[in-house]
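Me: I've got a model open and would like to talk it through. Can you take my questions as they come?

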Amino acid sequence: MINLLLYAADELGYIGGYGGYYYGFDWTYILVIIGAIITCIASSRVNSTFKKYSKYRASIGCTGAEIARRMLNQEGIYDVSVEHISGNLTDHYDPKSKVLRLSDPVYNSTSVAAISVAAHECGHAIQHSEGYEPLKIRSAIVPVANFGSKAGMYIIIAGCLLSFFQPLITLGIVLFSFGMIFQLVTLPVEFNASSRALNVLEESGWLVDEENKMAGKVLKAAAYTYVAAAAASILSVLRLILLFGRSKSDD
């Protein structure tokens with residue numbers, strides 16, 4: 001999508017003839033590259049950390065699914081089902097269906113890593129049960145963020161094709177920015193879910209001594225992926241502003 005946008009702008013002579021831009025080179029690509037690097041590093045870290053602590057069997061001997069059920073029952077949540085979902089680390093809580101879905105390496109595994117991830121997803125179910133405000137805000141933003149991320153680019157392209165019609169370009173950037181807002185709102189939701197998970201695991205005694213430290217490392221690595229996603233989203237919006245926010249003054 002970004003490449004299509006750049007192609008449209010280049011065809012109109014915007015990139016090729018204005019200060020700092022040259023045919024074949026756009027320095028704002030650096031922002032995209034930085035975002036991609038940050039995301040790759042975070043993804044690599046969470047995968048390697050999960051793999052490392054998947055080798056440690058938790059002393060309690062329960063699977064991720066069993067711990068999830070225990071945690072939900074302990075919190076008085078009986079209307080949330082625990083299901084298996086295929087894939088690697090595709091774990092998530094669906095507030096609409098009230099279903100907690102655990103992936104292949106989590107559902108039937110008794111590892112510290114699996115229990116940590118299962119407990120984190122339970123943290124979201126607890127948030128939902130308690131009416132945790134940031135979670136409610138994030139859920140409300142989802143439709144707008146999905147629409148804005150898709151429609152925003154097309155609107156920007158339309159603005160470029162209409163001789164850089166600035167109001168349309170601005171509207172596109174604003175719509176696209178809702179994806180960034182979603183990523184920012186996601187941060188406190190994820191951090192809080194991890195905090196709840198670690199507290200329950202430690203206080204209940206399901207993980208002991210060194211196991212709690214391992215769980216902390218797993219969830220900390222996972223948190224970095226959300227920070228990376230937010231950073232990459234901010235850089236994408238910044239790039240659009242730098243790339244097209246000047247058209248009004250250049251005209």
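Me: What share of the contacts with a separation of 6 or more comes from residues 24 or more positions apart?
Reply: This is a predicted model, so local features need pLDDT of at least 70 and side-chain atom pairs count only at pLDDT 80 or more, while totals for chains, interfaces and linings use all residues. Residues are numbered from 1 along each chain as its sequence is written, and side-chain values use heavy atoms, with hydrogens and water left out. Taking contact as heavy atoms within 4.5 Å, the share for residues 24 or more positions apart in the protein chain is 70%.

Me: How many helices and strands does the protein chain have?
Reply: Helices (H or I, at least four residues) and strands (E, at least two) are DSSP runs, numbered from the N terminus. The order of elements from that end is α-α-α-α-β-β-β-α-α-α-α-α-α. The count for the protein chain is ten helices and three strands.

Me: How much of the chain is buried?
Reply: Buried means under 20% relative accessible area, exposed over 50%, and partly exposed in between (1.4 Å probe, protein chains only). Among the 251 residues of the protein chain, the buried part is 44%.

Me: How far apart are the end C-alpha atoms of H6?
Reply: H6 is mostly covered, with 16 of its 19 residues buried. The expected span of a helix is 1.5 Å times one less than its number of residues. For the 19 residues of H6 that should give 27 Å, so the model agrees: its end C-alpha atoms are 27 Å apart.

Me: Is Ser-116 buried or exposed?
Reply: Ser-116 is in helix H6 (residues 112–130). Beyond its neighbours within four places in sequence, Ser-116 is in contact with Leu-201, Ala-215, Val-218 and Leu-219. Because its relative accessibility is 0%, Ser-116 counts as buried.

Me: Which residue has its backbone nitrogen 3.3 Å from a polar atom of the Ser-103 side chain?
Reply: Ser-103 is in the loop between strand E3 (99–102) and helix H5 (104–107), and at 0% relative accessibility it counts as buried. Not counting residues up to four places away in sequence, Ser-103 touches His-84, Ile-85, Gly-87, Asn-88, Leu-89, Thr-90 and Asp-91. A polar contact is a pair of N or O atoms within 3.5 Å; within protein, one must be able to donate a hydrogen and the other to accept it, and residues adjacent in sequence count only if both atoms are side-chain atoms. The backbone nitrogen 3.3 Å from the Ser-103 side chain belongs to Leu-89.

Me: How many disulfides does the structure hold?
Reply: Cys-122 counts as buried at 0% relative accessibility, and Cys-160 is buried too, with a relative accessible area of 0%. A disulfide is a pair of cysteine sulfur atoms within 2.5 Å. The number of disulfides in the structure is zero.
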